Amino acid sequence: MNMYQFYQDAYQTVLDTSVVSLTEQRLILADTIFYPHGGGQPGDTGALLVDGRRIDILDTRYNQDRSQIEHHLAEPLTLEPGTQVSLQLDWDRRYRLMRMHTCLHLLCHLIKDPVTGGNVGEQQSRAEFDLTEPLDKRVLEQQLNDLIAQGAEVSTEWLPESVLDEQPDLVRTMSVQPPRGQGSIRMVRIARNDYLLDYQPCGGTHLRNIAEVGQVRVPSIKSKGKQNKRINIELVD
Ligand SMILES: [Zn+2]
């Protein structure tokens, strides 16, 4: 498991690192603070700083076999392996994504029914559940905002992958199984003192405290099937 810097500190906005390879505007670096598209969260954007130049990074994604993270450069460039470079994250965008992403975990706390999907966006995010009971969007919005206002710490830990065989119900999402075969799995814990709100495998970037989500809106709950409902979430500011 490569312990990229975005796993260690989701709040780091700049990083000095070095080039591993660059082919067809796809740049692989020794380390990165850029989150690669996955688990319903979009890839990070920002800039590469090298030799006094600034080149936009338009997207970040895993390569085909998920062994490397590729930064998609906005323009062609020649860089030798080992070249020292700096990364600069588009923090405003990422922070909104972190607020959205962390809020989706809170939905998993409030709704115990099976999660069937989810997607994090800058303007709107969504989570889908197979609901056993009807859900009122205004009630849910109030519950979410009350929860956020009370605050709770978010922390992560790495556990051996075998924990998922022993406790398969740790995985809340039916559609997104955590990647296996790398030996360890990243668990995200949201807790207020001893009160556990959410605990599930997740490789995404999260806030330190859920209070940072701020006020949210639930503009709609849409029916996607007999039981399946899509809950849309927006940040108020
Ligand atoms: Zn997460």
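User: What's up with proline 81, buried or exposed?
Analyst: Proline 81 counts as exposed because its relative accessibility is 57%. Exposed is over 50% relative accessible area, buried is under 20%, and partly exposed is in between, using a 1.4 Å probe and protein chains only. One caveat on numbering and source: residues count from 1 along each chain as its sequence is written, and this is a predicted model, where local features need pLDDT of at least 70, side-chain atom pairs count only at pLDDT 80 or more, and totals for chains, interfaces and linings use all residues. Side-chain values use heavy atoms, with hydrogens and water left out.

User: Where does proline 81 lie?
Analyst: In the loop between strand 5 (69-73) and strand 6 (84-89). Strands (E, at least two residues) and helices (H or I, at least four) are DSSP runs, numbered from the N terminus.

User: And what does proline 81 touch?
Analyst: Val19 and Val20, not counting residues up to four places away in sequence. Contact here is heavy atoms within 4.5 Å.

User: Switching to aromatics. How many aromatic pairs are there?
Analyst: A search of the whole structure turns up seven. Rings of Phe, Tyr and Trp (its six-membered ring) pair if their centres lie within 6.5 Å; planes under 30 degrees apart are stacked, over 60 edge-to-face, and the rest tilted. One of them is tyrosine 4 with phenylalanine 6, which is stacked at 5.8 Å centre to centre with 10° between the planes.

User: What about phenylalanine 6 and tyrosine 35?
Analyst: Their ring centres are 5.7 Å apart and the planes sit at 85°, so that pair is edge-to-face. It links distant parts of the chain: phenylalanine 6 is in helix 1 (residues 5-8), while tyrosine 35 is in the loop between strand 2 (26-29) and strand 3 (46-50), 29 residues apart.

User: Are phenylalanine 6 and tyrosine 35 buried or exposed?
Analyst: Phenylalanine 6 is buried, at a relative accessible area of 1%, and tyrosine 35 counts as buried at 6%.

User: Which residues do ring pairs link into a cluster?
Analyst: Tyr4, Phe6, Tyr7, Tyr35 and Trp158.

User: OK, helix 3. Which of its residues are buried?
Analyst: Leu140, Leu144, Asn145, Leu147 and Ile148. They sit on the same side of helix 3, because they cover an arc of only 160° around the axis. That arc is taken from the directions from the helix axis to the C-beta atoms.

User: Which ones are exposed on the other side?
Analyst: Arg138, Ala149 and Gln150.

User: What do the buried ones pack against?
Analyst: Helix 2 (91-110), plus several strands, including strand 10 (184-192) and strand 14 (228-235).

User: What happens at the ends of helix 3?
Analyst: Aspartate 136 caps the N-terminal end, with a side-chain oxygen 2.8 Å from the backbone nitrogen of arginine 138. Just after the helix, glycine 151 takes a positive phi of about 75°.

User: Last one: where is glutamate 128, and what is it in contact with?
Analyst: Glutamate 128 is in strand 8 (residues 125-130), and it is buried, with a relative accessible area of 11%. Leaving aside neighbours within four places in sequence, its contacts include Pro114, Thr116 and Arg230.

How values were computed: Polar contact = N/O pair within 3.5 Å; in protein donor to acceptor, adjacent residues only side chain to side chain.
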